[in-house]
Amino acid sequence: MTIDREKLSAAETLRATRTFGKVRCHNPSCMERLQPPAGADHVKCPTCGMEYRLFWVRPDLPRIRGPVWDVNRRIAEETFARKEGAKAKKAPKKGGK
Amino acid sequence: MALNRKIAYIDLSTGEIETRPIPLDVRKKFLGGRGLDAYLLYNHTKKGCDPLGPDNVLLISGGILTATCASATARTHVMAKSPLTGLLGSANMGGFFAPELAWAGFHHLVIKGKAEKPVYIWIHNGEIEIRDAANLWGKTTTETQWTIREELGDEDVKCAVIGPAGENLVRFANVMTGIKNAAGRTGMGCVMGSKNLKAVAARGTMDIEIAHPVDALEYNKRFIDQITSAKVNKTQGTLGTPFIWGATNSWGGVRCRNFQYNQCEYADDIEPERLDEIATETIGPYHMTGCFGCQVHCRAQYKIPSGPYAGRYDEGPEYTSLGAFGGEPDCKNAVTVLTGNHLVDQYGIDNLEIGSIISWAMELYELGILTSKDTDGLDLRFGNDEALLEMVDRICYRKGWLGDTLADGGILASEKIGKNSFEYLIQVKGMNNLHSDERATPALALNIATASRGSDHLRSRPAIDLYHLPEEVLRKIYSNPVRYDGPLSSEHTSYEGKPWQVFWQENCFMAVDCLGICKYHTVFLGATLPNFEDWPKVLYYNTGLEMTPEEIWEVAERCNTMERLFNLREGLKRDDLKKGDMLNHRYFDEPCRRGAPDVIGKTIDREEFKKMIDEFYEHKGLDENGVVKPETLKRLGLKKEPSHLL
């Protein structure tokens, strides 16, 4: 077997795609890249309104510690009510005329 | 060299011990670790054997790279027929045991029979003895290890042991090493207990010759740099795996109250940063430690800050303990998590299974299916921390009707409890799920439904699916080493291309389990971590064994098929809720109520799920019933199994 010592593997070539200083919004279809100011303790997604508390693993590596509960809970409850309401409207009515 | 490590056959009924080399052609087909164990299990057990009888075999092994210069080759694998599921039993742990076993001359142990009285096995520099363990019986996992070290007069002896849970034949008892390293799924400690085997102790000073030492060290440096520079591993090395639970809870991907909810709200007190703040010995970067040969250091050390166990030292907690003693029973108290974690480590029991089964019992209690008569007066409601910890004790020691009943695992317990209790049991193939909620993530749902050892994330979970990676990045990973031109989607709520991702991940995880490398050193939580292309170099430089990425992929496929053959032989049926590739009805019928807006309302679509299974089977070379096709057996060289080569 010939081993090419210099050739980079797929994993190594993907290293260039790493980003520091940013977190991604946790809302699945949003996933906006958010860049909080260094040391900030929370960040709000401008796209979907979700808010998060932050922890800094290193000065260049923030992570989402958790949601700002009151804000995201309100968004969740409103969304649930809207989706369930839409589902109820869509469902065929039972019984005859 | 690594390839001359032997296999030992130990019969506890007769006391006979035989050692043999592992032929190179067997190595090339199965490499080692979990893959070779799957071959041995299929060959050394008969259909329908009693998991707790002498005919079941207990396999303990290291991977082919264990104890070499390769990074993080610390994993010990344990396999047997599972007393929890009646199917494949398989569990994997970190620590230092497998390297010590390799330095003592062995990569694989095949333990059969049953000792008349408690014993332990002592392995040292090619020698194996069976010794009396009467003085060890009843001891906790750490007491057992220190007693053995004292008895043998060597503090460097490494042990794989069971605690009281294994002795009491709790069907989800662990095999453990060190403080908290647990081969903790499918009840391997119960099998060990059924054989009256309290421990396997190893100490070795037999050198492992490295085939190309300079190349091995140079390449390992490059490999380590790739691993330690990843963001995910920097975070792991600071907060440990609890950071995953915290992040997942943030968007609504964890289970709460036995899967009634997909988020544990206001759980600030059990976030990893909070644990770091309150533990006497902090969990932060200066108190992190690691397994043999690992630079990630994802294991926290702590002392319990208050409560009845204040001052006790332990390690972790992991993601699973946050789920088991925090989110799932809705006990948002850091001291409860740290205490629960300590108890399961000492008793030697699967934190994931016990947290799930107690939460199931809590829901049954709130529904009135279980009454205070069944609980001997214990108020088993969600959020009752004291009741949660009391139940850990009762299950491990089989105290009271409920403790004894739950100790047999969910399916047997549901038969005893009756009514419609089974409907609320969140399991696949008889094993409870990780404390994650997969209703918004079809790939992850497919993973747990089809995992070979029952509902599990460490068999085929494409966790990077959650990162919204661009399609070109996904294609770079998932079209290698085998070409894949089908669809791939960046959307983790999509069904598109997910069967291939799960199939790829299944082979990736099997490959590292055969090599003996930790999963945090491959594409699991990080897209830029090593995979198939990187392993041939590590393998060649360390062992001299030449294999291409495609050949390693084929080994992984072969070993996964071997596990499938075992499960099919023991009764796996595609849509069987107790023994099949099927999910609890809640995945399909009850929508997510909490978390991020796009998670709200999500369920798994039954038709789409069926299509995913069909496609997954096609990739694996299975027919529509999930049975291995003859042409697949031929392609993978498995037509003559069981072949009894070893």
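These legends walk through several close-up views of a predicted model.

Residues are numbered from 1 along each chain as its sequence is written, while chains are lettered from A and ligands numbered from 1 in the order in which they are written. Because the model is predicted, local features need pLDDT of at least 70 and side-chain atom pairs count only at pLDDT 80 or more, while totals for chains, interfaces and linings use all residues.

**View 1. The largest nonpolar core has 227 residues.** A nonpolar core here is a set of buried Ala, Val, Leu, Ile, Met, Phe, Trp, Tyr and Cys residues joined through C-beta atoms within 7 Å. Buried means that 20 or more other C-beta atoms lie within 10 Å of a residue's own; 12 or fewer makes it exposed, anything in between partly exposed, and C-beta atoms are placed from the backbone. The members that touch the most others are B:L59, B:Y120, B:V200, B:A361 and B:A511. Helix α19 of chain B, residues 498-515, gives the core its largest share, 11 residues. (Helices, H or I with at least four residues, and strands, E with at least two, are DSSP runs numbered from the N terminus.) Take B:A511: leaving aside neighbours within four places in sequence, it is in contact with B:F532, B:W535, B:I552, B:V555 and B:A556. Two residues are in contact if their C-beta atoms, placed from the backbone, lie within 7 Å.

**View 2. Here chain B meets chain A.** On this side, 44 residues of chain B are in contact with 35 residues of chain A. The elements of chain B that give two or more residues are α8 (231-239), α9 (242-251), α18 (471-478) and α20 (535-543). The largest share, 6 residues, comes from α9(B). Sorted by class, chain B's side has 15 nonpolar, 15 polar and 14 charged residues. For that sorting, Ala, Val, Leu, Ile, Met, Phe, Trp, Tyr, Cys and Pro are nonpolar, Asp, Glu, Lys and Arg are charged, and the others, Gly among them, are polar.

**View 3. Helix α8 of chain B is mostly covered.** Of its 9 residues, 7 are buried, and these are B:V232, B:N233, B:T235, B:Q236, B:G237, B:T238 and B:L239. The cover comes from both chains: it includes β4 (51-58) and β5 (61-67) of chain A, together with α7 (213-228), α9, α10 (272-278) and β13 (288-289) of chain B. Just after α8(B), B:G240 takes a positive phi of about 70°. B:H287, in the loop between α10 and β13 of chain B, is partly exposed, with 16 other C-beta atoms within 10 Å. The C-alpha atoms of B:H287 and B:L239 are separated by 9.9 Å, though the two residues are 48 apart along the chain.

**View 4. Helices α9 and α11 of chain B cross here.** The axes of α9(B) and α11(B), residues 319-327, come within 7 Å and cross at roughly 55°. Axes are lines fitted to C-alpha atoms, for helices over the stretch in contact, and angles run from 0 to 180 degrees between N-to-C directions. The two helices are therefore oblique to each other; under 35 degrees would count as roughly parallel, over 145 as roughly antiparallel, 65 to 115 as roughly perpendicular, and the rest is oblique. B:P242, B:I244, B:W245 and B:N249 in α9(B) meet B:Y319, B:L322, B:G323 and B:G327 in α11(B). This contact has 5 nonpolar, 3 polar and no charged residues.

**View 5. Strand β6 of chain B, residues 106-112, is mostly covered.** Strand β1(B), residues 6-11, pairs with β6(B) in the parallel sense over 6 bridges, and B:I10 has B:I111 as its bridge partner. Strand β3(B), residues 58-62, pairs with β6(B) in the antiparallel sense over 4 bridges, with B:S61 opposite B:H108. Strands count as paired if DSSP finds at least two bridges between them.

View 6. Most residues other than glycine have a negative phi, and most peptide bonds are trans. B:A67 is buried, with 28 other C-beta atoms within 10 Å.
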